[in-house]
Amino acid sequence: MKTKRWALLLLLLMLFCTACGKDGEKKSSEENGGGETTPAATEAPQTTEEIMVEKSLGSRGNNYRLKKFLEKVRAGEQVTVAFLGGSITEGYNAGTETTFSTLVTDYLNTNYGTGSNVTCLNAGLSGTPSILGLIRSDRDVFYAEPDLIFIEFAVNDGSSQMDDNGFESLLRKALTQPQEPAVIVLNSVTDEGYTCQDNMNTIAFQYGVPSVNVKTAIWPYIEAGTGDFKWSDWADDSAHPNASGHLLYSKFIIHLIELLDAAEIEEPKELPAKFVMGSDHTGMKMVDRSMNSDLITITDSENYSENGDLDSFDKGWTKLEGENGSFAFTFTGKALYMVFKDTTDSRYGTAEIYVDGERVYELEGNSEDGWNNPATAMVYTSKESAEHTVIVRMKDGDEEKRFSILALGLVP
């Protein structure tokens with residue numbers, strides 16, 4: 001009998017405690033302004049795209065210049081955004097309306113500007129590395145005094161001194177423009193995983209320049225082969241993003257812009273006192289028949305017509321077919337680059353370059369890799385500026401073939 005009594009008392013006690021708990025919950029809920037309790041919300045797992053967007057951040061850099069740029073956009077000022085790069089920037093395989101340059105400009109106009117106060121300047125040109133971007137930068141970009149500049153050459157550059165000179169000098173030249181533009185580096189990747197992002201990020205970090213890394217974002221999925229994200233989702237060939245790839249690329253860039261905009265503005269970043277990896281060629285001048293022609297004195301141009309032989313470089317000099325001859329000039333400077341046409345056309349041959357009487361280079365105007373593209377070679381460099389004589393003559397056996405000098409890059 002005692003056992004039953006104790007069991008009954010225990011049951012009543014449990015019921016009383018349960019009721020007290022419910023009253024406590026109700027009271028607590030009412031005190032907090034709610035009549036009912038709801039289970040804690042659980043965060044949805046990130047999508048593959050969201051993860052890639054987060055991982056696309058390369059160097060955060062310094063946000064001072066970008067914040068100042070966005071202030072101009074918000075204030076309704078007319079601003080120019082320049083995109084300097086190769087065929088990826090140009091939009092090869094993507095169409096003119098779906099390139100990341102167009103999408104990012106539209107985003108800035110819609111989310112920060114008045115709808116039309118941000119102008120896009122697409123200076124992408126197929127087959128051009130940083131050094132050629134530097135050579136043509138005054139002609140194609142800096143004349144417009146852009147307020148934000150994107151630089152994209154990570155799949156066109158290599159690891160040579162010329163590449164280091166080109167990229168770092170271009171970065172420094174952009175940052176030292178009078179209007180103090182914001183600068184962002186874009187690092188793309190090929191289907192074999194090739195990119196110069198590590199080298200470029202090392203330099204960009206020292207200059208406080210933010211960057212986007214495509215490989216870091218997409219490559220883990222491509223390498224895993226799980227089908228979550230495939231190379232064909234990014235590009236239809238070995239390097240050039242398709243329309244979907246450009247859309248994703250624009251999201252990488254927008255993520256960086258929003259991230260830097262959300263942070264407190266930093267103090268301006270001072271430029272490194274010394275070059276990180278390259279040589280100082282920020283004073284590069286493009287020379288052809290229409291630009292800076294006074295920097296050279298032509299002493300011989302027998303059988304060279306005034307023709308650059310490419311639409312993008314049509315103010316150079318081209319040796320005619322079936323005629324022997326040479327092209328000679330003097331210049332004063334510490335570095336000389338030559339831009340020439342590279343093609344598989346058998347009518348074109350190989351030229352030999354002599355500087356101060358010494359043969360320093362052979363330039364193949366007809367190579368297996370050529371596709372009527374501008375190619376660049378560093379034919380002379382020195383720490384000191386001095387006067388030099390240059391002679392271009394065809395290699396033995398190619399005397400009657402064509403050769404096109406598209407432009408010169410000269411560092412005074």
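Colleague: Let us start with a charged pair: which residue forms a salt bridge with R402?

Modeller: This is a predicted model, where local features need pLDDT of at least 70, side-chain atom pairs count only at pLDDT 80 or more, and totals for chains, interfaces and linings use all residues. Residues are numbered from 1 along each chain as its sequence is written, and side-chain values use heavy atoms, with hydrogens and water left out. A salt bridge here is a side-chain nitrogen of Lys or Arg within 4 Å of a carboxyl oxygen of Asp or Glu. The closest N and O atoms of this pair are 3.6 Å apart, and the partner of R402 is D309.

Colleague: How many residues apart are R402 and D309?

Modeller: R402 sits in the loop between strand 13 (373-394) and strand 14 (403-411), while D309 is in the loop between strand 8 (304-305) and strand 9 (317-319). Helices (H or I, at least four residues) and strands (E, at least two) are DSSP runs, numbered from the N terminus. The pair links distant parts of the chain, 93 residues apart.

Colleague: Are R402 and D309 buried or exposed?

Modeller: Buried means under 20% relative accessible area, exposed means over 50%, and partly exposed is in between (1.4 Å probe, protein chains only). R402 has a relative accessible area of 14%, and D309 has 18%. Because of those values, R402 and D309 both count as buried.

Colleague: How many salt bridges does the structure hold?

Modeller: Side chains of opposite charge can pair when their charged atoms come close. The structure's count of salt bridges is 18.

Colleague: Now N117: which residue's backbone nitrogen lies 2.9 Å from a polar atom of its side chain?

Modeller: N117 is placed in the loop between helix 5 (100-111) and strand 2 (118-124). With 0% relative accessibility, N117 counts as buried. Its contacts (heavy atoms within 4.5 Å), leaving aside neighbours within four places in sequence, include K72, V73 and N109. The backbone nitrogen at 2.9 Å from the N117 side chain belongs to T114.

Colleague: What is the residue with positive phi that follows helix 9?

Modeller: Helix 9 covers residues 214-224, and its buried residues are V214, A217, I218, W219, Y221 and I222. Those buried residues pack against several elements, among them helix 2 (48-55), strand 4 (182-187) and helix 11 (243-262). After helix 9, with a phi near 70 degrees, comes G225.

Colleague: What volume does the largest cavity have?

Modeller: On a 1 Å grid over the protein atoms alone, a cavity is a set of points where a 1.4 Å probe fits but cannot get out, and lining residues have an atom within 4 Å of a point. Grid points are joined across faces, edges and corners, and a volume is the space filled by probe spheres set on the points. The lining includes D157, F167, C196 and M200, and helix 7 (161-175) and helix 8 each supply at least two lining residues. The volume of the largest cavity is about 40 Å³.

Colleague: To finish, what share of the residues of the protein chain count as buried?

Modeller: The protein chain has 11 helices and 14 strands. Among contacts between residues at least 6 apart in sequence, 78% join residues at least 24 apart. Of the chain's 412 residues, the buried share is 49%.

Note on methods. Polar contact = N/O pair within 3.5 Å; in protein donor to acceptor, adjacent residues only side chain to side chain. 1 Å grid on protein atoms, 1.4 Å probe; cavity = no way out; pocket = protein on both sides within 12 Å on 5 of 7 lines; lining within 4 Å.
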